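Biologist: Could you show me how to read the domains, cores and ligand surroundings of a model like this?

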Amino acid sequence: MSDNLFDIKVGDFYFRNPIALAPMGGITDSTFANEKAIDAGLVILGGYNLDSATQKAAAEMVSRGRKEFESHEPLKVIGDELKAVNEGPVVGINVRSSKIDSLIKAAELVRDAGAILELDAHCRQQEMIDIGVGQALLSDLPKLTEWISRIKETGVVLSVKVRANVVDDIELVKKIDAAGADILHLDSMKEGAGADLKLIKEVRDSTRMFLICNNSVTGIDSAKDMFTRGAEMVSVARAVLEDPGIIGQLVNRVSIQQEEMGWYNAPKHVCRGEGDLRGLAFCCLPVKPCPVHNTIAKLGYSAQEFADIKNEFAKGTMLEYGDSTCFGSLVWCCKISKPCYLRDGVLETLGLSDSEYMRLKKELADYILDHAKKPVNSQA
Ligand SMILES: Cc1cc2nc3c(=O)[nH]c(=O)nc-3n(C[C@H](O)[C@H](O)[C@H](O)COP(=O)(O)O)c2cc1C
Ligand code: SF4
Ligand code: SF4
C-alpha cells in the first residue's frame, strides 16, 4: 500500500494510515510494537510513571498482579524506547505523573525525539486515582487544563487520553480543546455496553481536535462504526493480545476502503440521526422539512446561507455539474454508498471516479465547518 494514500496530519506529523496501537502499561513497549504493530500509523508506548508517587502506585499495582513498566529512571527508559521502535509508525509516549514538572521534562524529551506525548487522564486503578492521577484528572478540570497549557508551552504535540462516561464528556472535551491539546484519545467505553458510538458522534460535533477512538475494536466493522461517527483514527489494545495480526488486517482493510471510496471516515447521512455535522456535505437543497434544518442551525446557518456556502464551494469544481440530478448539481448529492443511477451517470460523463467524488465531498464538509457562523467548539 502507498504511504501517501491517506492525508492524515497533526502538527508536523503525517500518519501513513488511521490505525493505532493503544497503550497498555507493562505491555506496549518497543518490542511489542515492533512485533505486533509494525504496520500501524501510530504506536503509543507506555504508560510510563514519571515521578515517585506514580512509581510507588505502580509498584503496589504490580504487587497485586498487574503489569506495569517499573523504573526509577523513566526518562532514560523513554529515550531508549523511542530509539528502539522500527521506522514506519509515528510514536506516542503515554505518561502519568502527580507533578507537572516531570511532565514538562518528558514533553521536552519526547518533542526533541520527534514523537508525540500522551497525557494519561484515563487510568482507573485505585492506586493512581488515590494520588490524583489518571482518571482522577477528569474530576479536576482546573488542574487538567492548566497542565495541558503548561505542557503545550514546550511545543510538543499533545494527546490527552480520557475515559468516556465518567464526567460530562462534552464539557470535558471543550475544556481540553480550549486548553490547547492537539489530539483527543477517547476510550468510548460505556460500562457493560462496549463502545458508545452515539457519544463519538456527539464528541465529533463538539470539537475539531484530531480524534482517536477506541474500545472493543476487534475488526474492520467495529473500526468502521467509529470512523463513520467521526474518528480520524482508531486504536486497538486488548484485541492485539488476542490476535497479533489484527493491526495489519485493519490497515489492509481500511486502505482498500480509502482506495475505493476516497474518504475512509466518511460520515453517515444526517437524516438517519447518526450522521455528524460533516454529513451536511451529502445533504439536499434545504427546501423541505427534515433534520437538515436543526443541523445547520447548530452551525449558525440559515437555509439560504447553507445553500450559498455549498454553491460557493462547488463553483469551479466538478461538483458544480449534474443538471440531471435531484437538485441540479452534485453538490447536493448523496454519499457514494447510496445507489443512484442519476448521480452515477453524471460521474461517468464527467469521468469522475467514486473516490474523487468523495474526496471533493470531504473538502466540502471541511469548507462548511470552516465557514460556520457558530464554530463547532463554541456550541452550547
Ligand atoms: C492491560 C491494560 C493496560 C492499560 N494501560 C493503559 C495505560 O497505561 N495508559 C492508558 O492511557 N490506557 C491504558 N489502557 C487502556 C487502553 O489503552 C484502551 O483504552 C482500552 O483497553 C480500551 O481499548 P480496547 O478495547 O482496544 O482494549 C490499558 C488497557 C489494558 C487492557
Ligand atoms: S437534507 Fe436530505 S440528506 Fe439531509 S437530512 Fe434532509 S433528507 Fe436527509
Ligand atoms: S440524484 Fe441521486 S445522489 Fe443525487 S440527490 Fe438525488 S438521489 Fe441523491
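What follows is a short walk through the domains, the nonpolar cores and the ligand shells.

Modeller: Gladly! Keep in mind that this is a predicted model.

Biologist: Let's begin with the layout. Which domains does the domain assignment give?

Modeller: The assignment gives domain 1, residues 8-261, and domain 2, residues 270-378. Their centres, taken over C-alpha atoms, are 33 Å apart.

Biologist: How many residues does the contact take from domain 1 and from domain 2?

Modeller: Domain 1 gives 13 residues to the contact and domain 2 gives eleven residues. On the domain 1 side, helices H7 (169-179), H8 (197-204) and H11 (246-261) each give two or more residues.

Biologist: Now the interior. How should I think about a core?

Modeller: The general idea is that in soluble globular proteins, nonpolar side chains tend to be buried together. Here the largest nonpolar core has 110 residues, and among those that touch the most other members are Ala-20, Val-43, Leu-117 and Ile-247. Helix H15 (residues 354-370) gives the most to this core, six residues. Both domain 1 and domain 2 supply at least three residues to this core.

Biologist: Which residues is Leu-117 in contact with, leaving aside its neighbours within four places in sequence?

Modeller: Leu-117 contacts Ile-93, Val-95, Ala-106, Ala-107, Val-110, Ile-151, Val-156 and Leu-158. There is also a second, separate core of seven residues, including Ala-57, Ala-58, Cys-123 and Met-128.

Biologist: On to the ligands. Which residues come nearest to ligand 1?

Modeller: Ala-22, Gly-25, Gly-47, Ala-237 and Arg-238 come nearest, out of 21 residues around ligand 1. Strand S4 (42-49) and helix H10 (238-242) each supply at least two residues of this shell. By class, the shell of ligand 1 has nine nonpolar, eight polar and four charged residues.

Biologist: What classes of residue make up the shell around ligand 2?

Modeller: Nine are nonpolar, one is polar and none is charged. Cysteines in that shell include Cys-271, Cys-283, Cys-284 and Cys-290, and His-269 is also there.

Biologist: Which residues are around ligand 3?

Modeller: They are Cys-284, Thr-325, Cys-326, Trp-332, Cys-333, Cys-334, Cys-340, Leu-342 and Arg-343. Seven are nonpolar, one is polar and one is charged. Notice that Cys-284 is listed around ligand 2 and also around ligand 3.

Technical notes:
Residues are numbered from 1 along each chain as its sequence is written. Chains are lettered from A and ligands numbered from 1 in the order in which they are written. This is a predicted model: local features need pLDDT of at least 70, side-chain atom pairs count only at pLDDT 80 or more; totals for chains, interfaces and linings use all residues. A residue is near a molecule or strand if its C-beta atom, placed from the backbone, lies within 6 Å of it. Ala, Val, Leu, Ile, Met, Phe, Trp, Tyr, Cys and Pro count as nonpolar, Asp, Glu, Lys and Arg as charged, and the others, Gly among them, as polar. Domain bounds come from an automatic or database domain assignment. Two residues are in contact if their C-beta atoms, placed from the backbone, lie within 7 Å. Helices (H or I, at least four residues) and strands (E, at least two) are DSSP runs, numbered from the N terminus. A nonpolar core is a set of buried Ala, Val, Leu, Ile, Met, Phe, Trp, Tyr and Cys residues joined through C-beta atoms within 7 Å. A residue is buried if 20 or more other C-beta atoms lie within 10 Å of its own, exposed if 12 or fewer, and partly exposed in between; C-beta atoms are placed from the backbone.
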